[in-house]
Amino acid sequence: MTTSGEPTDADPPVDLSVGGIEDRAAERTAVDAEFSAFYRADFSRLVGFLILVGAGREDAADAAQETMRKLHQKWREVRHPKTWARTTGRRVLIRALRSPREQDLGESPEPAAGHLVGDHAMWESLECDEVLAILRELPPCQRQALALTFDAFSPAEIAQILDVPAVQVRGNLARARRTAVTVLEKRKRERQ
């Protein structure tokens, strides 16, 4: 448009016909339905992932909700929504935890029994609280890699989410598993 408000040849035509409006409304309805299905399937898994990386239940739910709000706005642009949600969820959580309004960061995460995901044999026999206690003893990079593994991401996908080389992810996973086994054995000895 020119400064006078008149359309120019460079402006795309705007379809104001009833059919054009109906087409856009139908497309919006389809997009909303796709996003709603994703939201229902993935929201609790995203909360679980954020708890596994160290957030309390309330902080994780808030970060997941903010992430989903942002994803809804970008739904047509995002090719891999699950990966995008994990990457953005981590960033939203980090920003929230750095905010001065947040409580002490040393507070331990709340139990997340309904949110633990993955079918890894080493973890299946453990109680949720015990898994969270073990994860809290891991350095953040190892904890994040292991939490994403629980959420069924491959090392290559984890590398993309964490923006690090895949070889570094595999190393962090190996160290995390070794540390977890050591912590688990130590806890078993203490119970005896």
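Q: Is Arg-86 buried or exposed?
A: Start with the cut-off: buried means under 20% relative accessible area. Arg-86 has 0% relative accessibility, so Arg-86 counts as buried. Keep in mind that this is a predicted model.

Q: Which residue forms a salt bridge with Arg-86, with the closest N and O atoms 2.5 Å apart?
A: The general idea comes first. Side chains of opposite charge can pair when their charged atoms come close. Here, the partner at 2.5 Å is Asp-151. Asp-151 sits in the loop between α6 (140–150) and α7 (155–162), while Arg-86 is in helix α3, so the pair ties together parts 65 residues apart in sequence. Asp-151 is buried too, with a relative accessible area of 0%.

Q: Where does Asp-42 come in, and what is its N to O distance to Arg-86?
A: Asp-42 and Arg-86 meet through their side chains in a salt bridge, 2.7 Å from N to O. This pair also links distant parts of the chain: Asp-42 is in helix α1 and Arg-86 in helix α3, 44 residues apart. At 4% relative accessibility, Asp-42 counts as buried.

Q: Which residues are linked in a network of salt bridges?
A: The network links Asp-42, Arg-45, Arg-86 and Asp-151.

Q: How many salt bridges does the structure hold?
A: It holds seven. One of them joins Glu-27 and Arg-76, with the closest N and O atoms 3.4 Å apart. Glu-27 lies in helix α1 (residues 18–52), and Arg-76 in the loop between α2 (57–74) and α3 (81–98), so this pair ties together parts 49 residues apart in sequence.

Q: How exposed are Glu-27 and Arg-76?
A: Exposed means over 50%, and partly exposed lies between that and the buried cut-off. Glu-27, at 38% relative accessibility, counts as partly exposed. Arg-76, at 55%, counts as exposed.

Q: Now step back. How many helices and strands does the chain have?
A: Eight helices and zero strands. From the N terminus on, the elements run α-α-α-α-α-α-α-α.

Q: What share of the residues is buried?
A: Of the 192 residues in the chain, 38% are buried.

Q: What share of the contacts with a separation of 6 or more comes from residues 24 or more positions apart?
A: Such residues account for 64% of those contacts.

Q: What is the accessible surface of the chain?
A: The total is about 11600 Å². Carbon and sulfur atoms hold 52% of that surface.

How values were computed: Residues numbered from 1 in each chain as written. Predicted model: local features only at pLDDT ≥ 70, side-chain atom pairs only at ≥ 80, totals over all residues. Heavy atoms only, no water. Salt bridge = Lys/Arg side-chain N within 4 Å of Asp/Glu carboxyl O. Helix = DSSP H or I, 4+ residues; strand = E, 2+ residues; numbered from the N terminus. Buried < 20%, exposed > 50% of the residue type's maximum accessible area, 1.4 Å probe, protein only. Contact = heavy atoms within 4.5 Å. Areas by Shrake-Rupley, 256 points an atom, 1.4 Å probe, with all protein chains shown as cover.
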